[in-house]
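This report walks through a single protein chain, contact by contact and then as a whole. Please keep the sequence and the model at hand while reading.

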Amino acid sequence: MIEHRGIVQRVEGGQAIVAMETAGCSSCGQGGSCGIGKMANGRPATLLTLPVSGDIMAGDTVMIALPANRLSLSAVLGYLFPAFAMIFGAWLGSLLDGSDGATALGAIAGFLSALAIVRVAIGLIPGLMPAPQLIPVSNQSHVSQQEFHHER
């Protein structure tokens with residue numbers, strides 16, 4: 001599981017708006033030498049809209065969890081498949097006409113075809129794209145101290 005901490009800003013209509021720090025992760029042990037962490041450092045928080053279930057309220061600290069194997073599948077569908085389709089399209093364009101223009105058009109056609117195929121596959125196959133889960137870490141007390149002392 002890949003996990004990242006966030007704070008629920010608001011919950012409306014079964015969706016939670018979660019502010020997530022963009023400082024990179026620390027799970028791989030690279031710490032300060034991580035390029036992604038350096039690029040993200042100092043940027044404003046990223047707001048995510050995620051489905052919510054259970055007793056999650058505004059102000060709660062949550063972990064946003066994503067299965068690592070699903071992330072790998074997303075990378076294959078989003079990066080590897082279009083790249084290979086572009087190369088295949090360029091090869092096919094070159095094979096059919098032999099000109100640079102045909103090669104370029106074949107590459108563009110292969111890339112766009114791969115994006116269309118992935119988009120259709122995501123729509124047809126439920127659960128293909130990973131949906132992050134919100135795991136409550138701590139609930140902020142919504143009871144004031146005055147109410148707490150009155151109850152005692």
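Val52 touches Val11, Gly14, Gln15, Ala16 and Leu134, leaving aside residues up to four places away in sequence. The model is a predicted one, and the values below are computed from it.

Val52 also belongs to the largest nonpolar core, which has 10 residues in all. Val8, Ala16, Val18, Met20, Leu50, Ile56, Val62, Ile64 and Leu134 complete that core. The largest share, three residues, comes from β2.

Ile56 is another member of this core. Its place is in the loop between β3 (46-51) and β4. Ile56 counts as buried because its relative accessible area is 7%, and the cut-off for buried is under 20%. With residues up to four places away in sequence left out, Ile56 touches Val8, Val11, Val62, Leu134 and Pro136. Among these, Leu134 lies 78 residues from Ile56 along the chain, and the two C-alpha atoms are separated by 8.7 Å. Leu134 is also on the contact list of Val52.

Ile7 sits in strand β1 (residues 2-12). Ile7 is partly exposed, with a relative accessibility of 42%. Outside the four places on either side in sequence, Ile7 touches Ile17, Val18, Ala19, Gly59, Asp60 and Thr61. One of these, Val18, is a core residue. Ile7 and Pro136 are 129 residues apart along the chain, with 9.7 Å between their C-alpha atoms. Pro136 is one of the residues that Ile56 touches.

The next topic is charge pairing. Side chains of opposite charge can pair when their charged atoms come close. The count for this protein comes to one salt bridge. The side chains of Glu12 and Arg10 form it, at 3.4 Å from N to O. Glu12 is partly exposed at 47% relative accessible area, and Arg10 is partly exposed at 43%.

The count of aromatic pairs also comes to one. Such a pair is described by the distance of the ring centres and the angle of the planes. Here the partners are Phe88 and Trp91, with 5.7 Å from centre to centre and 35° between the planes. The pair counts as tilted because its angle of 35° falls between the limits of 30 degrees for stacked and 60 for edge-to-face. Both residues lie in helix α2 (residues 68-96), three residues apart, which is about one turn of the helix.

The table collects relative accessible areas for residues discussed in this report.

| Residue | Relative accessible area | Class |
|---|---|---|
| Ile7 | 42% | partly exposed |
| Arg10 | 43% | partly exposed |
| Glu12 | 47% | partly exposed |
| Ile56 | 7% | buried |
| Phe88 | 49% | partly exposed |
| Trp91 | 48% | partly exposed |
| Gly106 | 11% | buried |

Gly106 belongs to helix α3. Its relative accessible area of 11% makes it buried. Not counting residues up to four places away in sequence, Gly106 touches Gly89 and Ala90. Gly106 and Leu96 are 10 residues apart in sequence and 9.5 Å apart in space, C-alpha to C-alpha.

Helix α3 (residues 100-124) also gives the largest share of a nonpolar surface patch, five residues. The patch covers about 560 Å² and is made by Met86, Leu105, Ile108, Phe111, Leu112 and Leu115. Leu112, for one, is placed in helix α3.

How many helices and strands does the protein have? There are four helices and five strands. From the N terminus on, they follow the order β-β-α-β-β-α-α-β-α.

Of the 152 residues in the protein, 25% are buried. Among contacts with a separation of 6 or more, 73% are between residues 24 or more positions apart. The contact between Ile56 and Leu134 spans 78 residues along the chain.

Terms used: Residues are numbered from 1 along each chain as its sequence is written. This is a predicted model: local features need pLDDT of at least 70, side-chain atom pairs count only at pLDDT 80 or more; totals for chains, interfaces and linings use all residues. Side-chain values use heavy atoms; hydrogens and water are left out. A nonpolar core is a set of buried Ala, Val, Leu, Ile, Met, Phe, Trp, Tyr and Cys residues joined through side-chain atoms within 4.5 Å. Buried means under 20% relative accessible area, exposed over 50%, partly exposed in between (1.4 Å probe, protein chains only). Helices (H or I, at least four residues) and strands (E, at least two) are DSSP runs, numbered from the N terminus. Contact means heavy atoms within 4.5 Å. Rings of Phe, Tyr and Trp (its six-membered ring) pair if their centres lie within 6.5 Å; planes under 30 degrees apart count as stacked, over 60 as edge-to-face and the rest as tilted. A salt bridge is a side-chain nitrogen of Lys or Arg within 4 Å of a carboxyl oxygen of Asp or Glu. Patches are made of residues with over 30% relative accessible area and no salt bridge: like charges are joined within 9 Å, nonpolar side chains (Val, Leu, Ile, Met, Phe, Trp, Tyr) within 5 Å. Accessible areas come from the Shrake-Rupley method with a 1.4 Å probe; for residues, only the protein chains shown count as cover.
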